[in-house]
Amino acid sequence: MAAPTLAKNSADTPLRKKRRELPFPLNLYQTAVGKKWVMALTGIMLLGFVVFHMVGNLKVYLGEVQHLSPEGEYVTDYDINIYGEFLRDLLVPLLPRTYLLWILRLGLIAAFALHLHSAISLSKMNLESNNRYESKRDWVAANFASRSMRWTGPIIFLYLLFHLADLTWGVGAASSEWERGEVYQNLVHSMSRPGIAIVYIVCNVALCVHIFHGAYSMFQSLGINNPVYNQLRRGFAAGLALLILVGNLSFPIAILAGIVDLP
Amino acid sequence: MSKILNLTLQVWRQAGPNKPGTFETYQANGISDDASFLEMLDIVNERLIADNKIPIEFPHDCREGICGTCGVMINGQAHGHERGTATCQLHMRKFSDGDTIVVEPWRAKAFPIVRDLVVDRSPLDAVIAAGGFITAPTGTANDANDIRIPKEVADSAMDAAACIGCGACVAACPNSAGQLFTSAKIWHLNSLPQGQAERYKRTEAMVETMEQFFGSCTNHGECSEACPKEISLDFIAYMNRDYIKAKVKNRRLASQS
Ligand code: SF4
Ligand code: FES
């Protein structure tokens, strides 16, 4: 019997065909390397949001302050509620109220959609390209964060919807005392329920793990590589992930411990 | 003093492409720890032949880490646990007496199994072919110092050129991505003056051919750890940068760079 040979070699049968190229810049999104650029850039936008969100929330620790209302009266309100109003009033009177906020929100939604879409299509590509080993793999460089991106991502997405329903829309899991604009009160009411606080904590750990890989990975995807600074990239990602984790976890803990509460 | 090892092997046996495969267990007793991994397989094969059994088919050629022919998954790591060595350079003294060693072929959709531990790696050739040629002046050879290249650049190009095309990077990658190989081949030419003329054309063609066969990079870093030539992940970043530049510059602009 002749030795078994392959009729064709595997270079003759690509897994996928080259597609007709779309005009620039859409053609970037047709390739995986281009999609990784999109994923990194949208990741940076989302990271920016997460950092601002955390820093803004630190205002719960400022408690109540006195301020001058638009009606010209001295009123006492929670600092974070005033900040919430300020966000709606951004760039007024250049733009009508909430316009800039909505522009920012739409930008974030678009970034999130692209981040998700590129993640899904790249995952699909990877799953169809790899053949699983029958024996146990021994990972050397891949860490828990890099291998769990496909899990932490969906957890964050689902939690985002839950979090919006709970605190922004006041539907579903929102507390019965929810009221639009009362950022401080809503937060305290929501997080004083231990179940909700635990979900919040678990999902923020997932976010931290996701950021730990993402904030390192984006440098490679964007081709930001300089031998002088390369060793800082892991530290940057770890520091950023930890900063966000500590900041975010402080809120439910402070509320459950009674440090942040309602009169 | 060399020691004698008694080992248990679990080797993937598969009669041909698209045939079912399974792990077979073999006793490899009385192996000198001076033997290389491939020599150990030779000894096992000689015993199989003496028993009228079909020997284990495994890829090998130069046996000194320069041709890139050898390569198997050893205990879940491409080219075994020793860093910066190909399978042929892995010595049995890195194992202990009584060890069980699991040997599996590279696995990736682009690398179908030919038989036992041998896979077809021709998609790597397709990536090289897509890169085309460099505009090398033919005729009389230049003076050696005609083209001045800074030492750091020459070093970087040399580091990239060290890739032997073994495919361990693809095999080690959870996504079966071909980034480390492709970026090494791209950077070897893109970093040098001789490679500038076709720099962006080459990057575009090689990346897009790579993506026809392989998965996409998620920056795990397994490839560089598995690589017998310790090719750096940096080249992947350089490739990503050049690919976007290639797309942003249209052909006419590329001619100005
Ligand atoms: S980059 Fe390293 S692992 Fe990949 S083919 Fe080249 S030598 Fe082998
Ligand atoms: S046999 Fe040539 S590199 Fe191992």
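Analyst: Happy to. Across the interface of chain A and chain B, one salt bridge is found; please keep in mind that this is a predicted model. The partners are E21(A) and K247(B), whose closest N and O atoms are 3.0 Å apart. E21(A) sits in the segment before helix 1 of chain A, while K247(B) belongs to helix 8 (residues 234-248) of chain B, so this pair joins two chains.

How exposed or buried are the two partners? E21(A) has a relative accessible area of 41% and is partly exposed. K247(B) has a relative accessible area of 7%, which is under the 20% cut-off, so K247(B) counts as buried.

K247(B) has another partner within chain B: a salt bridge to E208(B), with the closest N and O atoms 2.8 Å apart. E208(B) lies in helix 6 (residues 199-213) of chain B and K247(B) in helix 8 of chain B, so the bridge ties together parts that are 39 residues apart in sequence. E208(B) and K247(B) are both buried. Taking in E204(B) as well, the salt bridges link E21(A), E204(B), E208(B) and K247(B) in a network.

Now for the surroundings of that contact between the chains. Chain A contributes 52 residues and chain B contributes 60 residues. The area buried between chain A and chain B comes to about 4,700 Å², with carbon and sulfur atoms giving 54% of it. On the chain A side, V33(A), Y133(A) and Q220(A) supply 13% of the area that chain A buries against chain B, more than any other three residues.

Polar contacts are also part of the picture: 39 residue pairs between chain A and chain B are in polar contact, counting pairs with both residues at pLDDT 80 or more. The side of chain A that touches chain B draws at least two residues from each of helix 1 (32-57), helix 3 (99-129), helix 4 (144-147) and helix 7 (194-221) of chain A. By class, that side of chain A has 20 nonpolar, 19 polar and 13 charged residues.

Finally, a look beyond the interface. The whole structure has 18 salt bridges over all chains. One of them joins R63(B) and D42(B) at 2.7 Å, N to O. R63(B) is in the loop between helix 1 (37-50) and strand 3 (73-74) of chain B, and D42(B) is in helix 1 of chain B, 21 residues apart. Both are partly exposed, R63(B) with a relative accessible area of 26% and D42(B) with 25%.

Definitions and conventions. Residues are numbered from 1 along each chain as its sequence is written. Chains are lettered from A and ligands numbered from 1 in the order in which they are written. This is a predicted model: local features need pLDDT of at least 70, side-chain atom pairs count only at pLDDT 80 or more; totals for chains, interfaces and linings use all residues. Side-chain values use heavy atoms; hydrogens and water are left out. Contact means heavy atoms within 4.5 Å. Buried area is the accessible area (1.4 Å probe) that two parts lose on being put together, summed over both. A salt bridge is a side-chain nitrogen of Lys or Arg within 4 Å of a carboxyl oxygen of Asp or Glu. A polar contact is a pair of N or O atoms within 3.5 Å; within protein, one must be able to donate a hydrogen and the other to accept it, and residues adjacent in sequence count only if both atoms are side-chain atoms. Helices (H or I, at least four residues) and strands (E, at least two) are DSSP runs, numbered from the N terminus. Ala, Val, Leu, Ile, Met, Phe, Trp, Tyr, Cys and Pro count as nonpolar, Asp, Glu, Lys and Arg as charged, and the others, Gly among them, as polar. Buried means under 20% relative accessible area, exposed over 50%, partly exposed in between (1.4 Å probe, protein chains only).
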